[in-house]
Amino acid sequence: MTWHTFFAMGGYADYVWSAYGFATVVLLWNIASAVHRRRAVMKMLRELALAEQTPKESAAQHYVH
Amino acid sequence: MSHNLLGTARCIFQRDLLLAWRKPADVATPLAFFVIVTSLFPLGVGPEPQVLSRLAPGVLWVAALLASMLSLGRLFAADHADGTLEQLALSPHPLTPLILVKVAAHWVTSGLLLVVLSPLLAMQLNLSGHAMVTLAITLLLGTPVLSLLGSVGAALTLGVRGGGVLLSLLVLPLYTPILIFGAGAVTASASGLDTQAYFSLLGAFLLLALGFTPWATAAALRISLD
Amino acid sequence: MYKYASPKNFYALAGRLVPWLGTITLLLFVFGLYLGLYVAPPDYQQGDSYRIMFIHVPAAWMSMFVYVLMAGAGLVGLVWNIKLADMLATASAPIGASLTLMALVTGSLWGKPTWGTYWVWDARLTSELFLFFLYLGFIALQAAIDDPRRSARAGAVLALVGVVDIPIIHFSVIWWNTLHQPASIGSLGKIIAPTIYPTMLHPLLIMSLAFFLFFFTVVLIRMRGEILARERHTGWVMQIVRSDANAPEARP
């Protein structure tokens, strides 16, 4: 089997590769959003901890939610 | 209210009916919505009697579904605002049967009126006499299920921001079986087929909803009141 | 086993599991795709278009499994007041919703060459669509309630009502479908069933396992985020935050 016939998918290339492409996007989005959410929480907590060390910056209160 | 359970239940039922009676506009609005939505369809699809009678079962049932959902807002909202609901939750009686009574009173002032109104709208959409009777029976069996399922959604969204739109997102997908069998029965009846199986299934759904949803609604109310 | 039921220990355990699970998932995906796209022969009826099955069917299976898991976790959280179960339910929802969407889109792309149109009110696709709506309702309800405890409990009640209703919806849709469906169009299931050979079954099973482990990898990462957010006032989280401040680009 050549690469050409592999990618041609017996004439169904559009449907097969769109489906696999969409699936890839969904899977990657899942990983990215999960990692991003944890990092965002961590960043928020770090800023909160920093603000507590310097008491005058109590404005960090609005980060709580 | 130091009555026994039955006495308390009767009190709640009469009180809710009286409150609805004193605020007729609240009761009438979903009914007006039902009439207006159904009257819009001929303008959208054209006035041909064949087309209308073909679409009538689905249109009438979807409109009834939406009207029933719109009326859910007043099921618990006022009682939540004035603290009656907390009194109920704190009363010595179990909450589940009291909820059932409240939903029943609400159904009498919403679903039952849709049933009464339905022949008029069925006539407007050129539905045959036989199908009209089927429509009324399916609504009679189906709208209590809508109220019961809806009560869970109403309890969950109590005091939540954007509650109205959220409620529709929660309950409309749950309504699909009732729509399928309700509209299916009317379609079958319009083409002269037997509707016994549909009635049995809608009846089964009603029993299932009666047994299951009051517990879920009671749990949801306790969560919302926490 | 009970040791890991505390958020602190679970956080550490999940952190150690994620790289392993992720690696195994990746290997399974590569192997499954190799078998499914390269080794398996074209179908005698559908040609190569049937290869969409290797992602569509696992996604559809997972979409249902995740909803049931969500309802089960919700029940455990509701009855025994276990925070980790609440977090599992909340973390599962977006993953389940996205897999449902994947099942819908890939089913539609498979439908075009099979039925000649992107959307047919086929029983499976219709059920999957309403499952997607149920996921959206769950996510919207939890997002609308700020108090984490109330949000978790309300979501649990909704998921439990949903999980009872799903089989009824599915049954109703099948009934409705057999009444209205023209005889020439078969459902995707009927097309798959008689033509499943080992060369096609093996990639399907491997891809399903890959999707299964993928879900657990992502849900663990999400739960770690949830744990940090909800336990932020505890000493151990503050300690982690402080040590993390020295290494900002820590692993997920």
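How many residues does the contact take from chain A, and how many from chain C? Keep that in mind as you go through these close-ups of a predicted model.

**View 1. Chain A meets chain C.** Here's the reply to the opening question: the contact takes 27 residues from chain A and 35 residues from chain C. On the chain A side, look for helix 2 (residues 13-53), as this helix gives the largest share of the side that touches chain C, with 21 residues. What sort of residues are they? On that side of chain A you'll find 19 nonpolar, 5 polar and 3 charged residues. There are 2 pairs of chains that touch, and the pair A and C has the most contacts between them. Chains A and B, on the other hand, share no contact, and their closest C-alpha atoms lie 16 Å apart.

**View 2. Chain C on its own.** Trace chain C along its sequence and you get α-α-α-α-α-α-α-α. In other words, this chain has 8 helices and 0 strands. Of the 252 residues in chain C, 48% are buried. Now think about contacts in chain C between residues at least 6 apart in sequence: 80% of them join residues at least 24 apart.

**View 3. Chain C meets chain B.** This contact takes 24 residues from chain C and 21 residues from chain B. On the chain C side, helix 4 and helix 5 (148-180) each supply at least two residues. Helix 5 of chain C brings the largest share of that side, 15 residues. Sort the chain C residues that touch chain B by type and you get 19 nonpolar, 2 polar and 3 charged.

**View 4. Two helices packed across the B and C contact.** Zoom in on helix 9 (residues 163-190) of chain B and helix 4 (residues 123-144) of chain C, which pack at an angle of about 155° with their axes 9 Å apart. Because of that angle, helix 9 of chain B is roughly antiparallel to helix 4 of chain C. The crossing of these two helices is left-handed. Which residues meet here? From helix 9 of chain B come B:L166, B:L169, B:L170, B:P173 and B:T176. Among their partners in helix 4 of chain C are C:F130, C:F133, C:G137 and C:A140. The residues of this helix-to-helix contact split into 11 nonpolar and 2 polar, with no charged ones.

**View 5. A look around B:L149.** You'll find B:L149 in helix 8 (residues 129-156) of chain B. Is B:L149 buried or exposed? It counts as buried, because B:L149 has 28 C-beta neighbours inside 10 Å, and the cut-off for buried is 20 or more. Setting aside neighbours within four places in sequence, B:L149 is in contact with B:V171, B:L174, B:Y175, B:A209 and B:T213. For B:R161, the separation from B:L149 is 12 residues in sequence and 21 Å in space, C-alpha to C-alpha.

View 6. Confidence in chain C is highest in helix 2 (residues 53-80), at 94, and lowest in helix 6 (residues 188-192), at a mean of 50. Go a bit carefully with residues 182-187 of chain C, where the pLDDT is below 50; beyond near neighbours in sequence, this stretch has 6 contacts in the model. The model scores ipTM 0.90 and pTM 0.89.

Note on methods:
Residues are numbered from 1 along each chain as its sequence is written. Chains are lettered from A and ligands numbered from 1 in the order in which they are written. This is a predicted model: local features need pLDDT of at least 70, side-chain atom pairs count only at pLDDT 80 or more; totals for chains, interfaces and linings use all residues. Two residues are in contact if their C-beta atoms, placed from the backbone, lie within 7 Å. Helices (H or I, at least four residues) and strands (E, at least two) are DSSP runs, numbered from the N terminus. Ala, Val, Leu, Ile, Met, Phe, Trp, Tyr, Cys and Pro count as nonpolar, Asp, Glu, Lys and Arg as charged, and the others, Gly among them, as polar. A residue is buried if 20 or more other C-beta atoms lie within 10 Å of its own, exposed if 12 or fewer, and partly exposed in between; C-beta atoms are placed from the backbone. Axes are lines fitted to C-alpha atoms, for helices over the stretch in contact, and angles run from 0 to 180 degrees between N-to-C directions. Angles under 35 degrees count as roughly parallel, over 145 as roughly antiparallel, 65 to 115 as roughly perpendicular and the rest as oblique. A crossing is left-handed if the near helix is turned anticlockwise from the far one by less than a right angle, and right-handed if clockwise. pLDDT is the predictor's confidence in each residue, from 0 to 100.
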